[in-house]
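Colleague: Please take one part of this model and look at it closely. I would like the charged and aromatic side chains there, and then what surrounds them.

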Amino acid sequence: MSDAALSANASLSTWTNLSGFDQLRAQAQQNGKAALPAVAKQFEALFTQMMLKSMRAASDSFGDAMGDSDAGKAYRDLFDQQLSVSLSQGGNGIGIAQMLIRQLGGTATPTPAGAGASIGTVGGSGTPTAADPAADPDGIGDPTQLPATADQFQRRLANVVEAGREVGRSAMKWLPQDAQEFVRALAPYAEAAAQKLGLSVRTVLAQAALETQWGKRMPRSADGSTSFNLFGIKAGESWDGRKVGVPTLEYEGGVAVRRRAQFRAYDSPAQSFKDYANLIASNPRYAAARGHGDDVRGFARALVRGGYATDPSYAEKISAIASSPQMRDALAALKNPASVPNE
């Protein structure tokens with residue numbers, strides 16, 4: 001593949017990056033054969049995305065799953081779009097691009113040296129052999145080769161979808177569930193903290209929503225009582241108040257590890273917000289986080305630089321929650337009490 005084609009292919013590795021298509025179009029006009037591998041991979045990505053969309057639609061026909069929401073489905077669709085691109089760009093993809101290249105007269109990825117040719121390998125001339133059930137319990141065949149049968153192809157795609165679902169579930173644990181109740185209950189305390197720190201109420205509430213999954217998960221003591229710790233503040237040596245010890249997820253060198261840590265405990269949400277505001281206002285590490293107004297991303301990044309959190313995606317998660325439809329609707333309902341349903 002030429003340098004231009006490689007450049008275009010690399011720029012197309014993210015589904016939101018459209019500039020690569022212009023490079024690919026120009027390359028195809030100059031040398032269609034050289035651009036064929038990149039074009040074939042884009043075709044495979046589109047086909048995979050269509051398959052994923054059809055499978056999602058079939059699943060949705062049985063009704064919404066627990067925790068489903070419009071925002072959750074939107075994030076799921078974004079994930080599927082990127083997944084389809086990533087699958088097509090990695091190695092031999094799921095095999096469609098390789099077959100397309102062969103049919104159009106291009107040069108597909110050759111069979112690795114020492115490996116016997118099979119019907120699933122582009123350019124292979126061997127005869128299909130029965131798969132060993134013990135060596136292939138999932139019935140997907142050799143994942144380094146093209147699927148030998150339609151059944152293997154369908155099984156591989158089903159495995160990809162399930163793996164994507166698992167990643168999606170993990171990535172979306174922090175998405176909103178009941179934002180209006182959360183915002184309505186905590187807005188007065190958030191307003192006081194925001195005023196002290198030079199931030200918007202939306203910014204403060206977004207961080208609390210991330211830390212507690214919209215109030216559903218806070219550190220608890222052994223007897224099950226809540227700590228009212230809305231900002232994940234740990235109890236260091238200088239803390240002389242109540243504390244609770246719970247497992248927590250930390251990132252060390254970008255790798256998530258389980259640790260047990262002591263967290264501060266409060267008697268009420270009001271105390272939690274007050275302590276949080278005092279911490280950010282008085283600790284010089286967070287000086288750069290103050291005074292950002294409604295610049296949620298700028299505030300969150302300054303917090304991370306100050307060492308508030310180890311999660312490399314912390315700032316992006318706060319920004320996503322702050323910009324989510326749930327937060328927007330909850331704040332709108334707060335300004336217009338008449339739109340809030342009566343309990």
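Modeller: Start with Lys234. Lys234 has a relative accessibility of 37%, so it counts as partly exposed. The model is a predicted one. Lys234 forms a salt bridge with Glu250, and the closest N and O atoms are 2.3 Å apart. Lys234 sits in the loop between helix 8 and strand 1, while Glu250 belongs to strand 1. The two are 16 residues apart. Glu250 is buried, at a relative accessible area of 12%. The cut-off for buried is under 20%.

Arg242 forms a salt bridge with Asp267, with 3.3 Å between the closest N and O atoms. Arg242 lies in the loop between helix 8 and strand 1, and Asp267 in the loop between strand 2 and helix 9, so the pair ties together parts 25 residues apart in sequence. Arg242 is partly exposed, with a relative accessible area of 42%. Asp267, at 54% relative accessibility, counts as exposed.

Lys234 and Arg242 are both contacts of Arg264. Arg264 is found in strand 2, residues 255-264. At 10% relative accessibility, Arg264 counts as buried. Leaving aside neighbours within four places in sequence, the contacts of Arg264 also include Ser227, Asn229, Ile233, Ala235, Trp239 and Asp275.

Trp239 brings in the aromatic side. The rings of Trp239 and Tyr266 have their centres 5.9 Å apart. Their planes stand at 70 degrees, so the pair is edge-to-face; the cut-off for that class is over 60. Trp239 is in the loop between helix 8 and strand 1 (243-252), Tyr266 in the loop between strand 2 and helix 9. This pair links parts of the chain 27 residues apart.

Now the surroundings. The largest nonpolar core has 44 residues, and those with the most contacts inside it are Val204, Phe231, Tyr276 and Tyr308. Two or more residues each come from helix 7 (179-197), helix 8 (201-212), helix 9 (269-282), helix 10 (296-305), helix 11 (314-322) and helix 12 (325-335). Helix 7 gives the largest share, eight residues. Apart from this core lies another, of five residues, among them Val246, Ala261, Phe263 and Ala265.

Beyond its neighbours within four places in sequence, Val204 is in contact with Ala190, Ala193, Ala194, Leu199, Phe231, Phe273 and Tyr276. Ring pairs link Phe231, Phe273 and Tyr276 with Tyr189 into a cluster.

Tyr189 in helix 7 and Phe273 in helix 9 are 84 residues apart. Phe273 is buried at 2%, whereas Tyr189 is partly exposed at 32%.

The side chains of Arg202 and Asp294 meet at 3.1 Å, N to O. Asp294, at 43% relative accessibility, counts as partly exposed.

For scale, the chain has eight salt bridges and seven aromatic pairs. Of its 343 residues, 38% count as buried.

Key
Residues are numbered from 1 along each chain as its sequence is written. This is a predicted model: local features need pLDDT of at least 70, side-chain atom pairs count only at pLDDT 80 or more; totals for chains, interfaces and linings use all residues. Side-chain values use heavy atoms; hydrogens and water are left out. Buried means under 20% relative accessible area, exposed over 50%, partly exposed in between (1.4 Å probe, protein chains only). A nonpolar core is a set of buried Ala, Val, Leu, Ile, Met, Phe, Trp, Tyr and Cys residues joined through side-chain atoms within 4.5 Å. Helices (H or I, at least four residues) and strands (E, at least two) are DSSP runs, numbered from the N terminus. Contact means heavy atoms within 4.5 Å. Rings of Phe, Tyr and Trp (its six-membered ring) pair if their centres lie within 6.5 Å; planes under 30 degrees apart count as stacked, over 60 as edge-to-face and the rest as tilted. A salt bridge is a side-chain nitrogen of Lys or Arg within 4 Å of a carboxyl oxygen of Asp or Glu.
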